[in-house]
Amino acid sequence: MILLVAEVADIKCIPQGHARGIIIDSRLDKAVGPLATLVVKDGVLKAGDYVVAGSSAGRVKALINENGKRIKEAHPSDPLQIIGFDEVPDVHSIVYVVDDLDTSRGLSQYSKGQLQKEKSVTNKRHVRLEEFLSMTGESNEKKDLKLILKADSFGTVEALKQAMLKLENTDVRIEVVHSGIGSVNSSDVMLASASDAVIMGFKVKPDAQARRQAEVEGVQIKVYEIIFNLIDDLKKALEGLLEPEEVEEVTGRGHVKKIFKISKVGTIAGVQLIEGHVLKKGKMRVYRNNEEIADTDIEFLKHYKDDASRVDAPKECGIKAVGFDEFEDGDQLEFHTKKSVRRTIDFNE
C-alpha cells in the first residue's frame with residue numbers, strides 16, 4: 001500500500017546532497033545525552049555532519065540503526081537515532097544538514113529568537129481598524145482612534161488630515177499621532193506600538209525592516225493607492241461596519257545567491273532560504289538596499305532540477321518571477337500569501 005500510494009501521489013525523495021529528516025521521538029538519555037529518533041526524507045546523512053532541528057543544533061557523533069548498530073551513513077526512508085544534539089529537539093521538527101557548526105548554531109539561535117517573538121506577539125493586543133469599536137468597549141466616554149499617517153507629499157498629508165476631521169462625531173475622535181512623507185519605517189512602527197495606533201500609508205509602502213517590526217509588535221499597517229478607499233475604510237471603521245479584508249501572511253525570507261540566465265526561459269534566481277518556506281502559488285517581494293523594487297507572483301519553483309510546490313529553509317531553490325528578471329546577487333526576498341480571516345465579535349462585552 002505504501003508503494004502504491006507513493007506511485008499514485010508521485011512521492012519522490014532527493015537521494016543525493018544534504019540530508020533532511022523528521023524527528024519522530026526524542027529524549028534525554030543518561031548515558032549519551034540528547035537522543036533523537038528520525039526518518040531520513042532526502043539526501044544522505046553521515047556521521048560528522050552538522051545538523052539543526054528547530055532550536056537544537058550540533059554535530060552527529062553517532063548514527064544508530066534499527067538493530068542498535070552504529071552506521072556511517074543513512075539514506076532516504078532509513079530510520080535511525082542521532083547522538084550529538086546540544087539539547088533535546090522537539091518531536092516532529094525537521095532536521096537539516098548544514099555546512100558548518102556556526103551555521104547550525106546561528107539557525108538554532110534564530111529559531112529560539114523567533115519563538116520568543118511569537119510569545120511576545122501573543123501578549124500584545126493593538127487596535128485594528130476592523131475591530132476598533134468592539135475593542136474600545138461600550139463606555140460612554142469619547143473614543144480615540146489614533147493614527148500614524150504617511151504619504152507621498154506634504155500636500156497629500158494635509159488633504160487627508162482635513163478629510164479625517166470631517167469624519168469625527170460626538171462619539172469618536174481621530175487623533176493623528178504623527179504624519180510625514182516617505183515609506184513607513186521602523187520608527188513609525190515603534191511609535192504606533194507605544195501609542196496603540198494604526199499606520200495608514202497613501203502611495204507609500206513599508207520597508208522590509210518595518211514589515212518585520214510590525215509582525216513582532218502586532219501593529220497594523222494599511223496602505224492605499226486611492227484616497228477614496230482610505231477615507232471609506234476609516235468611515236466604516238468608525239461606524240463599526242468595516243469588514244476584514246484578506247490578511248497578508250509572510251511565509252518566509254531568503255536572499256539571491258546566484259543568477260542564472262537561460263535562453264527561452266529567462267532569469268532564474270538561485271535562492272538561499274533563511275527562514276520559513278516559499279510556496280509555488282505564493283508571491284514575493286524583492287528588496288534591494290532595504291527598498292522594495294518588486295512585488296510579483298512566482299512563475300515556477302524548483303528544488304535542484306525538480307518542480308516543487310513548497311521549499312523549506314534552510315534549503316536552496318530556483319525561482320522565476322512573473323514579469324521580473326532584474327535580480328541581482330544579494331537581493332533580499334520576502335515570500336507571502338493572502339488568507340481571509342473572519343472577524344468574530346463578543347456581543348456580551
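Residues are numbered from 1 along each chain as its sequence is written. Because the model is predicted, local features require pLDDT of at least 70 and side-chain atom pairs pLDDT 80 or more, while totals for chains, interfaces and linings use all residues, and side-chain values use heavy atoms, without hydrogens and water.

Helix 5 comprises residues 186-195 (helices, H or I, of at least four residues and strands, E, of at least two are DSSP runs numbered from the N terminus). At the start of helix 5, a side-chain oxygen of Asn185 lies within 3.1 Å of the backbone nitrogen of Ser187. Helix 5 lies across strands 10, 11, 12 and 13 and runs at about 175° to strand 10 (axes are lines fitted to C-alpha atoms, for helices over the stretch in contact, with angles from 0 to 180 degrees between N-to-C directions). Asp188, Val189, Ala192, Ser193 and Ser195 of this helix are buried (under 20% relative accessible area, 1.4 Å probe, protein chains only). The buried residues of helix 5 pack against strands 10, 11, 12 and 13 and against helix 6 (208-217) (contact: heavy atoms within 4.5 Å).

The four strands form an open sheet with parallel pairing in the order 11-10-12-13 (two strands pair if DSSP finds at least two bridges between them). Strand 11 (172-181) and strand 13 (221-224) are at the edges with a single partner strand each, so one side of each has no neighbour in the sheet. Neighbouring strands are turned by 25° against each other on average, direction ignored. Nine bridges join strand 10 (residues 143-151) to strand 11 in the parallel sense; Leu147 has Val176 in strand 11 as its bridge partner. Helix 4 (residues 154-165) packs on the sheet, touching strands 10, 11 and 12, and its direction makes about 180° with that of strand 11.

Methods:
Buried < 20%, exposed > 50% of the residue type's maximum accessible area, 1.4 Å probe, protein only. Polar contact = N/O pair within 3.5 Å; in protein donor to acceptor, adjacent residues only side chain to side chain.
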